[in-house]
Amino acid sequence: MSFVQALSVLLLLALPLRALAEEYRRLGMFAEAIDASRAGLQWHPSYISARVTLGRALIEVGEFDEASSELEQVLRSAPENLAAIRALAHIHRRRGEVSDAAHYQATLPSAAVPFEEHPPAGVEAPSAPASR
């Protein structure tokens with residue numbers, strides 16, 4: 001098996017785990033989201049979406065240091081990743097680090113929706129206001 005074929009197989013294994021992890025996160029099943037994200041990242045450690053999902057799930061369980069580490073790793077690979085920027089700003093706000101939060105907030109486009117914590121099960125997340 002060539003390197004490209006092996007890489008393709010690893011990516012195919014990681015994709016469903018990232019989707020599962022994101023669904024777990026949306027359902028409020030944060031431990032499961034963390035486990036699925038980590039499993040996917042073992043197969044494909046540079047998969048940015050899986051790392052964002054992991055960071056966001058870690059925020060939800062209050063693991064801010066680990067979440068920051070994951071999200072900062074995302075920004076080293078993809079400095080424009082809005083989900084990671086919003087999540088890092090949220091972490092800094094929660095810690096009372098206003099200037100750090102403002103730094104990340106300032107890098108967001110004005111139309112970017114702020115990070116929202118996951119709503120309780122059965123409650124829909126608020127949608128972004130419609131543009132006029």
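Colleague: Among contacts in the protein chain between residues at least 6 apart in sequence, what percentage join residues at least 24 apart?

Modeller: The share is 48%. Keep in mind that this is a predicted model.

Colleague: What does the secondary structure of the protein chain come to?

Modeller: There are six helices and zero strands. Along the sequence, the pattern reads α-α-α-α-α-α. Of the 132 residues in the chain, 36% are buried.

Colleague: Which residues make the contact of helix 5 with helix 6?

Modeller: Helix 5 supplies Ile85, Leu88, Ala89, His92 and Arg93, while helix 6 supplies Asp100, Ala101, Tyr104 and Gln105. Sorted by class, this contact has five nonpolar, two polar and two charged residues. The crossing of helix 5 past helix 6 is left-handed.

Colleague: At what angle do helix 3 and helix 5 pack?

Modeller: That angle is about 20 degrees, and the axes are 10 Å apart. Since angles under 35 degrees count as roughly parallel, helix 3 and helix 5 are therefore roughly parallel to each other. Helix 3 also passes helix 5 in a left-handed crossing. Val52, Arg56 and Ile59 of helix 3 meet Ala83, Ala87, His90 and Ile91 of helix 5. The residues of that contact divide into five nonpolar, one polar and one charged.

Colleague: How should I read a nonpolar core, and how many residues has the largest one here?

Modeller: As a general idea, nonpolar side chains in soluble globular proteins tend to be buried together. In this model the largest nonpolar core has 24 residues, and those with the most contacts inside it are Ile59, Leu71, Leu75, Leu88, Ile91 and Tyr104. Helix 2 (30–43), helix 3 (48–60), helix 4 (64–77) and helix 5 each give two or more residues to this core. Helix 5 gives the most, with seven residues.

Colleague: What does Ile91 touch, not counting residues up to four places away in sequence?

Modeller: Ile91 touches Ile59, Phe64, Ala67, Ser68 and Leu71.

Colleague: Does Arg51 count as buried or exposed, and why?

Modeller: The cut-off for buried is under 20% relative accessible area. Arg51 has a relative accessibility of 9%, so this residue counts as buried. Arg51 has its place in helix 3. With neighbours within four places in sequence left aside, Arg51 is in contact with Leu41, Pro45, Glu70, Gln73 and Val74.

Colleague: Where is Leu108 found?

Modeller: Leu108 is in the segment after helix 6. Because its relative accessibility is 10%, Leu108 counts as buried.

Colleague: How many residues apart in sequence are Leu108 and Leu82, and what is the C-alpha to C-alpha separation in space?

Modeller: Leu108 and Leu82 are 26 residues apart in sequence, with 6.9 Å between their C-alpha atoms. Not counting residues up to four places away in sequence, Leu108 touches Leu82, Ile85 and Arg86.

Note on methods: Residues numbered from 1 in each chain as written. Predicted model: local features only at pLDDT ≥ 70, side-chain atom pairs only at ≥ 80, totals over all residues. Heavy atoms only, no water. Left-handed = near helix turned anticlockwise from the far one by under 90°. Helix = DSSP H or I, 4+ residues; strand = E, 2+ residues; numbered from the N terminus. Contact = heavy atoms within 4.5 Å. Nonpolar A, V, L, I, M, F, W, Y, C, P; charged D, E, K, R; others polar. Core = buried A, V, L, I, M, F, W, Y, C linked by side-chain atoms within 4.5 Å. Buried < 20%, exposed > 50% of the residue type's maximum accessible area, 1.4 Å probe, protein only. Axes fitted to C-alpha atoms, helices over the stretch in contact; angles between N-to-C directions. Parallel < 35°, antiparallel > 145°, perpendicular 65-115°, else oblique.
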